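Subject: Structure for your review: side-chain contacts

Dear colleague,

Please find the structure below, together with its sequence.

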Amino acid sequence: QVQLVESGGGLVQPGGSLRLSCAASGFTFSSYTMNWYRQAPGKERELVASISSAGGTTNYADSVKGRFTISRDNAKNTVYLQMNNLKPEETAVYCCNAVRRWPTLLNYWGQGTQVTVSS
């Protein structure tokens with residue numbers, strides 16, 4: 001059974017930091033690109049950060065470059081998102097996503113963790 005379980009969300013003040021984790025099971029984690037998405041109320045889902053299967057390539061939304069860092073530990077089947085200098089407008093549900101495109105497209109989602117940035 002495939003599972004992606006996020007943790008680490010919560011309430012943080014503007015300028016604060018959080019570290020999200022996403023623990024994977026039920027599939028070959030090291031073969032998948034991992035993504036973090038977020039969705040705020042009334043807004044479209046946004047891709048925040050991606051990391052390649054071996055961890056050698058990362059990509060970020062322009063809005064988070066220099067503040068967020070995605071990483072993974074394939075030995076622990078876990079992907080992380082370190083978020084620094086958080087802004088109120090980044091309040092959202094953050095979800096992790098696993099994608100493999102070859103030999104067949106497979107796409108898995110977690111349930112998400114709430115991040116609230118407020119004073």
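Lys65 and Asp62 are joined by a salt bridge between their side chains, with 3.1 Å from N to O. Asp62 counts as exposed because its relative accessible area is 66%. Please note that the model is a predicted one, and that every value in this message is computed from it.

The total number of salt bridges is four. In one of them, the side chain of Glu90 meets that of Arg67 at 2.5 Å, N to O. This pair links distant parts of the chain: Glu90 belongs to the loop between β8 and β9, while Arg67 lies in the loop between β6 (58-60) and β7 (68-73), 23 residues apart. Both Glu90 and Arg67 are buried.

Glu90 also forms a salt bridge with Arg38, at 3.3 Å from N to O. Taken as a whole, Arg38, Glu46, Arg67 and Glu90 make up a network of salt bridges.

Turning to the aromatic residues, the structure holds five aromatic pairs. In the pair of Phe27 and Tyr32, the ring centres are 4.7 Å apart and the planes stand at 65°, so the arrangement is edge-to-face. Phe27 and Tyr32 are both buried. Phe27 also pairs with Tyr108, this time in a tilted arrangement, with 5.1 Å centre to centre and 50° between the planes. The two partners come from distant parts of the chain, 81 residues apart: Phe27 is in the loop between β3 (18-25) and β4 (33-39), and Tyr108 is in strand β10 (residues 106-109). The relative accessibility of Phe27 is 13%, which means that this residue counts as buried. Ring pairs connect Phe27, Phe29, Tyr32 and Tyr108 into a cluster.

Finally, two arginines are placed over tyrosine rings. The charged end of Arg19 sits over the ring of Tyr80, 4.0 Å from the ring centre. Arg45 lies over the face of Tyr37, at 5.4 Å from the centre of that ring.

With kind regards

Key. Residues are numbered from 1 along each chain as its sequence is written. This is a predicted model: local features need pLDDT of at least 70, side-chain atom pairs count only at pLDDT 80 or more; totals for chains, interfaces and linings use all residues. Side-chain values use heavy atoms; hydrogens and water are left out. Rings of Phe, Tyr and Trp (its six-membered ring) pair if their centres lie within 6.5 Å; planes under 30 degrees apart count as stacked, over 60 as edge-to-face and the rest as tilted. Buried means under 20% relative accessible area, exposed over 50%, partly exposed in between (1.4 Å probe, protein chains only). Helices (H or I, at least four residues) and strands (E, at least two) are DSSP runs, numbered from the N terminus. A charge sits over a ring if NZ of Lys or CZ of Arg is within 6 Å of the ring centre and within 35 degrees of the ring normal.
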